[in-house]
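Subject: Structure handover

Hello,

Here is the structure for you to take over. My notes follow below it.

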Amino acid sequence: MSLLELRGLTHVYSRGTPFEKTAIDHLDLDIEAGQTLGLIGHTGSGKSTLISHLNALLKPTEGTVLFNGEDIYATKAAMRHARFRVGVVFQYPEYQLFEETVYADIAYGPKNQRLSQQEIDRRVREAAAFVGLSEDQFDRSPLELSGGQKRRAAIAGVLAMEPEVLVLDEPTAGLDPAGREDLLEKLFAWKDASGGTIILVTHDMSIANRCQRLVVMESGRIVLDGPPELVFAASEQLRGSGLDLPAAAHIAGLLRRAGVDLPAAIYTVDQLAEAILSLRGKGGAPC
Amino acid sequence: MLKDITLGQYFPGDTPVHRLDPRTKLILTVVYIAALFMVKTWGGYALVIAALAAVTFIAHIRPRALLKGLKPLIFIIVFTAVLNLFFTAGDDILFQWRFIRITHTGLERAVSMVLRVMLLVSGTFMLTYTTSPLAITDGLERLLSPLNKLHVPVYELSLMMCIALRFIPTLIEETDRIMSAQKARGADLETGSLPERAKALLPLLIPLFISAFRRADELALAMECRCYNGGQGRTRMKQLHMGWQDAAAFGLGALLVAGILLLRRLGI
């Protein structure tokens, strides 16, 4: 049994109006515990609608979601329970900050879980440490923080609920390359420490290829599903879904077409560099 | 979902009704409202219903969209009906049980009042369904421009209205987003006592206000960057002009009024 099972999930917006739109269409997906899953797809492919079903925020038009084999829509209590077990960080989460202090804002989720004061305190400190917010920021207003710090405070607010699955929608959008790298490392560190599952929604192929499994969506359906090397090997199909290959895979493809003898599975800059250097060792192409 | 609210919504389309000059539609809407209050006979109501149905059909608006627009008013409609039904004096009693008394006049009045409210609302919805908010403010500005002579800041008012209208969907979307984010953190907006629920709204309202102010700042900056300095001497990209279709629409409007008056005179 998988941790999360999506069964025939369908969601139709504005049913019965001229704006009717099927955002996800009879979708089946199993997500194993401990996986890092990348959800990629063009704008409007249904990624964001999909993740809003994982914690029962949206009710499906048809189908359902099982968490540990239990229907998350079964009762009101089950729906509420799902919110805490599947933590969702939406796009630009910094716009949700509202409390007077950073500490109080991170404590909002655990407080809604009705935990004891000590437990809340422990969780807030741990979550802040995970995202790299120092404790002397606790008494500041979240609005005084820098953009990157706000983002981290907002993510800490979800981590503090200690979810088993962490879902992030474009967590690195609008961050500079260093901030992006830093945030990703912290998220992966959280996963290793807590043994949780991460679902990353992204456009960024350099982030996608760091996931163990990639699911490619197009108009509400899954078109590709597998480890990154398999997904990126289907480059034609990816392009058909309006997605690009990672730059390194694209360059490798061009070199291959130009007659350079490169191995098939290249999708990171490091792999590309290594492959090119090994060619030189063989005395193949003159560099 | 909040997105499903249809109040003042615009359904894009390319029908004769959509193509009419917004000024024509504004004037005709006022005429329609006035005409509705001149109706005194059932024949008159039938005529108005027929006219509304015709416009709905020509504009390709689904009747269901009209009914959906009436939904928020259901309380007022029921209230009007009950009030008129039970509290109209008269001696042509149809039904009596203890203090409850329904008279023929009361029944007639209840039905006609409900019809009037529904027709009034659906008719005005027809304007917003077929005219973009931008076109409406444009039309209003032109119609009110004589007031400029009386030092009424017509241009500024219409700009304010235009911005407000423009940001309604944006703010609704934003509310939706913040609501999802706070619900994802376990916010409970549906249960609890009234004070509890009011308090539960804070996590929603504060981010919403912050973002509204941020948007206002950004908009002001963007306008200044494009050298905006008020309405004096501004020209427009889309010129409004009336054509034969507008003349025809006015003609039909006049016919409607004439028809209502005629039916009233005949007592049908």
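Start with one side-chain pair: A:Glu5 and A:Arg7 are joined by a polar contact of 2.7 Å. A polar contact here is a pair of N or O atoms within 3.5 Å; within protein, one must be able to donate a hydrogen and the other to accept it, and residues adjacent in sequence count only if both atoms are side-chain atoms.

Before going on, some ground rules. The model is predicted: local features need pLDDT of at least 70, side-chain atom pairs count only at pLDDT 80 or more, and totals for chains, interfaces and linings use all residues. Residues are numbered from 1 along each chain as its sequence is written, chains are lettered from A and ligands numbered from 1 in the order in which they are written, and side-chain values use heavy atoms, with hydrogens and water left out.

**The sheet in chain A**

A:Glu5 lies in strand β1 of chain A. Helices (H or I, at least four residues) and strands (E, at least two) are DSSP runs, numbered from the N terminus. A:Glu5 counts as buried because its relative accessibility is 10%. Buried means under 20% relative accessible area, exposed over 50%, and partly exposed in between (1.4 Å probe, protein chains only). A:Glu5 touches A:Leu29, A:Asp30, A:Thr64, A:Val65, A:Leu66 and A:Gly69, leaving out residues up to four places away in sequence. Contact means heavy atoms within 4.5 Å.

β1(A) belongs to an open sheet of four strands, in the order β2-β1-β4-β5, with antiparallel pairing. Two strands pair if DSSP finds at least two bridges between them. The edge strands are β2 (21-31) and β5 of chain A, each pairing on one side only.

Now the pairs in turn:
- β1(A) and β2(A) are antiparallel and share seven bridges. A:Leu4 sits opposite A:Ile31 in β2(A).
- β1 (residues 4-13) and β4 (residues 62-67) of chain A are antiparallel and joined by five bridges. A:Arg7 faces A:Thr64 in β4(A).
- β4(A) and β5 (residues 70-71) of chain A are antiparallel, with two bridges. A:Phe67 has A:Glu70 in β5(A) as its bridge partner.

β4(A) and β5(A) form a hairpin with two residues between them. In that turn, A:Asn68 has a positive phi of about 55 degrees.

**Cores**

The largest nonpolar core has 47 residues. Such a core is a set of buried Ala, Val, Leu, Ile, Met, Phe, Trp, Tyr and Cys residues joined through side-chain atoms within 4.5 Å. A:Ile106, A:Ile155, A:Leu166, A:Leu168, A:Leu200, A:Phe232 and A:Leu238 touch the most other members. Helix α5 (residues 147-159) of chain A gives the most to this core, with six residues. A second, separate core of 32 residues includes A:Leu9, A:Leu27, B:Ala181 and B:Ala184.

**Helix α3 of chain A**

A:Ile106 is also one of the buried residues of α3(A). This helix (residues 102-112) is largely enclosed by the rest of the structure, because 10 of its 11 residues are buried. Its cover includes α2 (76-85), α4 (117-131) and α5 of chain A, together with α8 and α9 (194-225) of chain B. A:Arg114 follows α3(A) and has a positive phi, near 60 degrees.

Helix α8 (residues 154-184) of chain B has 31 residues. It reaches 45 Å from its first C-alpha to its last, close to the 45 Å expected. The expected span is 1.5 Å times one less than the number of residues. α8(B) bends by about 35 degrees at B:Ile168, and B:Pro169 follows within four residues. The bend is the angle between axes fitted to the seven residues ending at a residue and the seven starting there. Just after α8(B), B:Gly186 has a positive phi of about 90 degrees.

At its start, a side-chain oxygen of B:Asp21 comes to within 2.8 Å of the backbone nitrogen of B:Arg23. The buried residues of α2(B) pack against α1 (16-19), α3 (42-58), α6 (104-130), α7 (133-144) and α10 (244-266) of chain B.

**One loop residue**

A:Ala265 is in the loop between α10 (247-257) and α11 (269-282) of chain A. A:Ala265 is partly exposed, at 45% relative accessible area.

Best wishes
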